[in-house]
Amino acid sequence: MNRLLTGHLPAANPEDSLRGAAYHHVQRCSMAVSLEKRVNELRVPPGRQIDLRKDYDPGYTGHYLSKQDAQDQLVTGIQNLAEQQNKLFAQDTWALLINLQAMDAAGKDSTIKHVMSGVNPQGVQVKSYKVPSAEELDHDYLWRNFLELPHRGNIGIFNRSYYEEVLVVRVHKEFLDRQQLPLPLKGRDIWERRYEEINNFEKYLTDNGIIVLKFFLNVSKETQRKRFLERIDQPDKNWKFSAADVLERRHWDAYMDAYEQMFNHTSTPWAPWYIIPADHKWFTRLAVVSVINHTLEGLKLAYPEVSPEQKEALKKAKEELEEEESPIQPVRRKKRKIID
Ligand code: ATP
Ligand code: MG
């Protein structure tokens, strides 16, 4: 059962809440209240212990009954994001880092494609993280992230991230064996240490104007199975299929345990996790764009103010441009000879 429906946590304000069976009726009636105002409900509450499998329903769609039902809000959300990103870019002070984590076929790629479809590509950087190269393994595990962090004014998306270091590396110990850490530092407490290191790293980022948003696209095992089968059955999706993904699926439970531990240790007030239901891609997109917009709106972004000196310079430039003769001369008509 979804935490949002079980009343697992007390709601601060029932009007604002998606939580709790008592508010189920409120949810269904409040179509006008956009998801953007209710994103807190998707957040993993810092300092609390969550149960990923019991509390979060991958099929949850809020008060939306269908894709069509959510379509207008998605379009508005994408437009709002474009506007926010313009201001972020113009202001050139804050940056936004979005970490996307998920099991295979949860829809990371298509979420990026849809959610970012309205934004100026110049202001977005996407980095996909793969198995570390030999050069990367020759450094500490955060090293490869530094140069990929978003520039000020930009949105950076990490498609997988440094969180793989407490997920795949935890599930497959051979990855840890390959890391050239000194033996005494590979003890059992390594995961706790990594959580702390990551929390500190994210605190450093936010203290320096890089806002950190973290999304887990929560797909169910059954939906993953269906999506893999589609990749096999539909020729235009064959290219997406990887036999390795089916092997990885065998470790589903170990991954869920690792994810749960990760949420319980790294959802912090400065960089919270959002668990996004991912069995319905249209809801995933709406939820992600809503959280991003909510976060950017909280920054109260604005186009930079023009100083009196700059205003004077604009006025002068305008006068000069207007005085300049237009290079396009009016076409002179040849006088026609009038033949009587
Ligand atoms: P898609 O399958 O949609 O293209 P993907 O993110 O699964 O997207 P892949 O190239 O299939 O991309 O897989 C990347 C692999 O790299 C994943 O299996 C991931 O677990 C692995 N990976 C990423 N970071 C690390 C890391 N630090 N250590 C070990 N493996 C990692
Ligand atoms: Mg993959």
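How many bridges join strand β4 to β5, and do these strands run parallel or antiparallel? In this predicted model, where local features need pLDDT of at least 70, side-chain atom pairs count only at pLDDT 80 or more, and totals for chains, interfaces and linings use all residues, five bridges join β4 (residues 210–218) to β5, and the two run parallel. Residues are numbered from 1 along each chain as its sequence is written, while chains are lettered from A and ligands numbered from 1 in the order in which they are written.

Strands (E, at least two residues) and helices (H or I, at least four) are DSSP runs numbered from the N terminus, and two strands pair if DSSP finds at least two bridges between them. Pro 277 of β5 is the bridge partner of Asn 218. Five of the five residues of β5 (residues 273–277) are buried (20 or more other C-beta atoms, placed from the backbone, within 10 Å of their own; exposed denotes 12 or fewer, and partly exposed the range in between), so this strand is largely enclosed by the rest of the structure. Trp 273, Ile 275 and Pro 277 point one way from β5, whereas Tyr 274 and Ile 276 point the other way.

In helix α5 (residues 108–115), the buried residues are Lys 108, Thr 111 and Val 115. Seen down the axis of α5, these fall within an arc of 60° (taken over the directions from the helix axis to the C-beta atoms) and therefore line one face of the helix. On the other side of α5, Ser 110 and Lys 113 are exposed.
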